[in-house]
Amino acid sequence: MSGVLLLLLVALLLGAVFAGLFCYAVKSGQFDDLDDPPERMLHD
Amino acid sequence: MSLRTLTNPAKPAARRATPAGVARCPHCGTAVEGEADAYCCGGCAMAASIIHGAGLERYYAERTSYPPRPEPVPAAWHTIPVESAPDGTVSTRLLVDGLRCASCVWVTEQVLARTPGVADAMVSYATGRATLRWDPSRTDLATLAARIAALGYRPRALGDDPRPDHDLLLRTGLAVFAAIAIMGTYEALYAGAWYGGMAPRFAALFKWVSLALATPVTVWSAAPFFRGAWTGLRHRILPMDLPIALGIAVLYLHGLVATVTAVEGYLDSLVMLVALLLIGRMLEARGRRRAAEAATSLVASIPRTARRAVRGGGGGGDDVETVPVEDLACGDQIDVGAGEEFVADGVVTEGTGQVRMALVTGEAAPVAVCPGNRVVAGTVLLDGALTVRVTAVGTATTVHAMAQQLHDAVDRGAGASGSATDRMAPWFTAATLLAALLTFGFWWQTGLAGAIAKTVAVLVVACPCALALSEPLASAAGLGATARRGLLFRSGRAFLALGEVDVVALDKTGTVTAGALTVTAADDETLRVAAGLERYSHHPIARAVVAEASARGIPLPRGADVREEAGVGISGTVDGRRWTIRRGSPGEIILRDDQGREESMRLADTARTDAAGTTAALKALGLRVVLLTGDHPGVAHRIGGNVGIEQVIARADPAAKAAWIEGLRSRGRRVLFAGDGVNDGPALASADVGVAMGAGAASSVLVADGVISTPSLAPLVAGVRASRIAARLVRVNQRFSLLYNALAVGAAAAGLVTPLVAAVLMPLSSVVIIWGASRVESTLRKEER
């Protein structure tokens, strides 16, 4: 029981960390323009 | 009368000596006579010196498309609103026209970034938007706009631009995250049940974790559906969101009770469905945003200026100051030169000229004006030079008033009826509730718990998720496919209506024809000399002559000492002889040499190159094509004959055009009207589908359902095809989802649907719909071959 509980908690915590990162990425505008950055890379 | 010397005696440096012959301008690619590396005009030499000065020579090696020839953009850039940042910099977004290759975007961005005072410069290839941030104490927007214009690209001011929807993305992100996690917990539950039971405390643990995952998804991610259902109810309509919200609520409440009482629930289906519905919404929103962005690009305008005459003191001559159009007041005197647009209504006080009224009256032939005549904003002075006393500005102008009336009329008509799917919603809700009641009534005698379980199963599988996704997704996919081909639609409904039209009425000037002068008759030698003079001018006739010479592959000779006299003509030296170009009879210009010999060239507004092909393609799709114009019958029949339109209705004023369309509609025909002018507004508004030409009057763009963003008619054909494909897909999908729902409800009523069956079936039906919508583009490509 305690093993499963620990694994569940760790999994959910990890998930929450990634959800938080996703929120940060959206709010800082990283998903606003998905077309130009690949083009831009070719010129640098 | 203004007299300008156009050629600069100082020639650009850095040139190799090569045999005289044909060469291309190294910047804009126009064929010119003379040595290689000779620039065709001062503008191109300037652009090249900017690019070389910034160390960006790579641009010339890597570009895949020539830029337009640079032209100055005199504009009141300081009237554009900017956003201030805490660090003292300001930012704004501009639209940049003419960016046709990735290198063009790169060079514009680099030149801007290297301008002193610029903190940040980003140019988007996908949308043509430049995001600029600069230090207002060191530079200003006018300088930056001038830098863009100097390269040959055209900056324009953007109005309200749709912003990306962060909220929807976050809600979807959470739902997808929860869906993946809940798949794990429910997999454990199903596996446990399959292999003969798991310890009850583990089952309870996984159920409580699932509930913890499903709660934020129901409360926060699914909130748009509850909001939509509530808004609909308040306005006394039953939207499609209502049965969805009902389904989600039943699923969640059942899951809550099931977790507490330790029976099987449907929480995994719930989270999966919300995630799929939100993904569908996001795809739809993205399609709409692309179309809205493109539409914003079309109405983006250059903040215009006027030259206001200021009475000089002491009886001397007048001074002229350049002011933003917003600062003009009634009674001001403004100077208008050849090729300029009138920015206000007014009365001519001095000078004569010819005015192109096409956007207002639809007549291609210019109208002569003299002191005392009225001119209206939006028309263009073809040649001559006028001083005009302003009688109305801004929103008081004739054009604006006409546009506003039409806009109001269209707004009143819209919004009454929802989509076909929304019209199904009340029936759907009623049928679902009826099925639930019957199920409960039928199983009631065999036990309350069993009856409730089966009723819940009915309500759960009746959730019309696939049905709700089918129309928005198909029309969003269709909107995207037509937008890529140059036809933008404001709403999915207008787009779906396009496939049902059976009569296509086309305006002549600016729609079937290019709406600009082209040379129709001139011999090559005359054209060569004329182009040698006209290449230095920005007059509409000059552009037509240079364009024709370039089209015929005639290298432009180098004119020397070229002088343009506004309203009179242009003169200069080509091949060592002195030439003048003067206006002849209407539609004619005359080239005279120093011996007095004359050659004439004719100019007219001719049919677009793809007009005949488009007409044929529309006919092949089974549509009747009609030319509906305010112009004279002679001209109308000639153009109609050229492009293969037999039915021509000429001399139709704006009201007559609208009445003709209304007449057809009252006989049950569905009419598509395409036009470009202010005079086409009533017709655009009264047609089933009105399509405006993007280069036309802004007011017609506002009234129309759709806009053609490229200078061609062919997008109409792609639009009709795409609309028919999308409509077919919607019909198939609706039948599929109704059949699925009917079968699933029947199975649930019979007690055959367990949570596992629901978890497989329900998302699968939605995925089938999403997959179907993704095939619109490929089906259209197949039909176009």
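Let me start with helix α25 of chain B, residues 755-773, in this predicted model: at 1.5 Å a residue its 19 residues should span 27 Å, and because the end C-alpha atoms are 28 Å apart, the two values agree. The expected span here is 1.5 Å times one less than the number of residues, and helices are DSSP runs of H or I with at least four residues, strands being runs of E with at least two, numbered from the N terminus. Among the buried residues of α25(B) are B:Pro755, B:Ala758, B:Ala759, B:Met762, B:Ile769 and B:Ala773, where buried means that 20 or more other C-beta atoms lie within 10 Å of the residue's own, exposed means 12 or fewer, partly exposed is in between, and the C-beta atoms are placed from the backbone.

A word on conventions. Residues are numbered from 1 along each chain as its sequence is written, and chains are lettered from A, ligands numbered from 1, in the order in which they are written. As this is a predicted model, local features need pLDDT of at least 70 and side-chain atom pairs count only at pLDDT 80 or more, while totals for chains, interfaces and linings use all residues.

On confidence, the complex has an ipTM of 0.89 and a pTM of 0.74 from the predictor. For chain B the mean pLDDT, the predictor's confidence in each residue from 0 to 100, is 83, and 90% of the residues reach 70 or more. Over residues 1-20 of chain B, however, pLDDT is below 50, although this stretch has 35 contacts in the model beyond near neighbours in sequence; a contact means that two C-beta atoms, placed from the backbone, lie within 7 Å. Residues 412-417 of chain B also stay under 50, and for them the model has zero contacts beyond four places in sequence. Where pLDDT is low, the predicted coordinates should not be read in detail.

Chain B as a whole has 26 helices and 30 strands, and its C-alpha trace spans about 110 × 60 × 60 Å along its principal axes. Of its 785 residues, 47% are buried.

Finally, chain A has two helices and zero strands, and buried residues make up 0% of its 44 residues. The contact between the chains takes 17 residues from chain A and 16 residues from chain B. On the side of chain A that touches chain B, the largest share, eight residues, comes from α1(A).
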